[in-house]
Amino acid sequence: MIDTTEFFGEKTKRVLAFGAHPDDLDFGAAGTIAAFTAAGIEVQYCIMTDGDAGGFDDRDPQETAALRHAEQKQAAEKVGVKTVHFLGERDGFLEANHEVMRKVVRLIRQVQPTIVMAMHPERNWDRIQRSHPDHLACGEAVTRAIYPAVENPFAYPELLHEEELEAYKVPWLWLYGAPKERENGFVDITDFFDKKMDALRAHFTQHPDVAAMERFVLQQCTANGQRAQYDEQRLAEAFHLVAVNADDTIAGF
């Protein structure tokens, strides 16, 4: 198990958090993100699809996309995030192809985060709803981009030569929505749980039963706290932490 408390100080300069759809980050990591921003750490979001195929009302997909952009911006504000990037991919059609990866590489080189967050690229068989194909594609695209493309000046050379975006080595990758056997880091979000719930409630088009959603999220965070062996009634979010460039990392091995 990795101690996550060390990341909430000077060690972490910036965090760039990716989600496949508006609301994914709020379900998976908003409590942790609120803890980061409370510690004075800058967090930026990148939402990879417009969420145009989500919701329960009969409305035009373009209207849905506009609403979900607005919802995500409101949700981000609840946890102290001021910058939200939208890649504009079509909901349900996200793929880990070179067009998407180039966009991810560009953004990571621009932001130069200490931590990149993304959805887990492995399917979770315990609850397959966590493994929407867009979720898996988000994790795969970001993971492929981080190594080797972000740190390889010969990958997407136009980013270097035309946009002057230097290669950058990402220190840490935090994956959320992981299979339980992969989770090796927990963050106590008890003090930030209300902010997480406020962020989730901002996605009003996605919750036909708000009370059921709230019960589900509370149950998940309670179970995570128990798995982390925190004191009774502490709440947590769980991650698969990957050291991409540690002190002993050798490229290619």
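Predicted model: local features only at pLDDT ≥ 70, side-chain atom pairs only at ≥ 80, totals over all residues.
**Overall fold**

I started with the secondary structure and got eight helices and seven strands. Next I looked up the radius of gyration: 17 Å, close to the 18 Å that the globule rule gives for 253 residues, so the protein is as compact as a globular protein of that length. I also took the extent of the C-alpha trace, which spans about 50 × 45 × 35 Å along the principal axes.

**Largest pocket**

Rolling a probe the size of a water molecule over the atoms shows where empty space is left. I went for the largest pocket, and its volume came out at about 1100 Å³. How many residues line the largest pocket? I got 43, with F27, R127, Q129, H135 and F216 lying nearest the centre.

Then I asked which elements the lining draws on. At least two lining residues each come from α1 (24-28), α5 (133-146), α8 (210-227) and β7 (236-243). The largest share belongs to α8, which gives nine residues. I sorted the lining by class too: 14 nonpolar, 15 polar and 14 charged residues.

**α7 against α8**

The axes of α7 (residues 193-201) and α8 come within 11 Å and cross at roughly 145°. I noted the crossing as right-handed. Which residues make the contact? On the α7 side I have F193, K196, M197, L200 and R201, and on the α8 side M213, E214, V217, L218 and C221. By class, that contact has seven nonpolar residues, three charged ones and no polar ones.

**Loop between α5 and α6**

Most residues other than glycine have a negative phi, and most peptide bonds are trans. I found a cis peptide bond joining Y147 and P148, with omega about 10°. Where does P148 sit? It lies in the loop between α5 and α6 (157-161).

I also wrote down Y156, which is not a glycine but has a positive phi of about 45°.

Key: Residues numbered from 1 in each chain as written. Heavy atoms only, no water. 1 Å grid on protein atoms, 1.4 Å probe; cavity = no way out; pocket = protein on both sides within 12 Å on 5 of 7 lines; lining within 4 Å. Points joined across faces, edges and corners; volume = space filled by probe spheres on them. Helix = DSSP H or I, 4+ residues; strand = E, 2+ residues; numbered from the N terminus. Nonpolar A, V, L, I, M, F, W, Y, C, P; charged D, E, K, R; others polar. Axes fitted to C-alpha atoms, helices over the stretch in contact; angles between N-to-C directions. Left-handed = near helix turned anticlockwise from the far one by under 90°. Contact = heavy atoms within 4.5 Å. Rg over C-alpha atoms; globule rule 2.2 N^0.38 Å.
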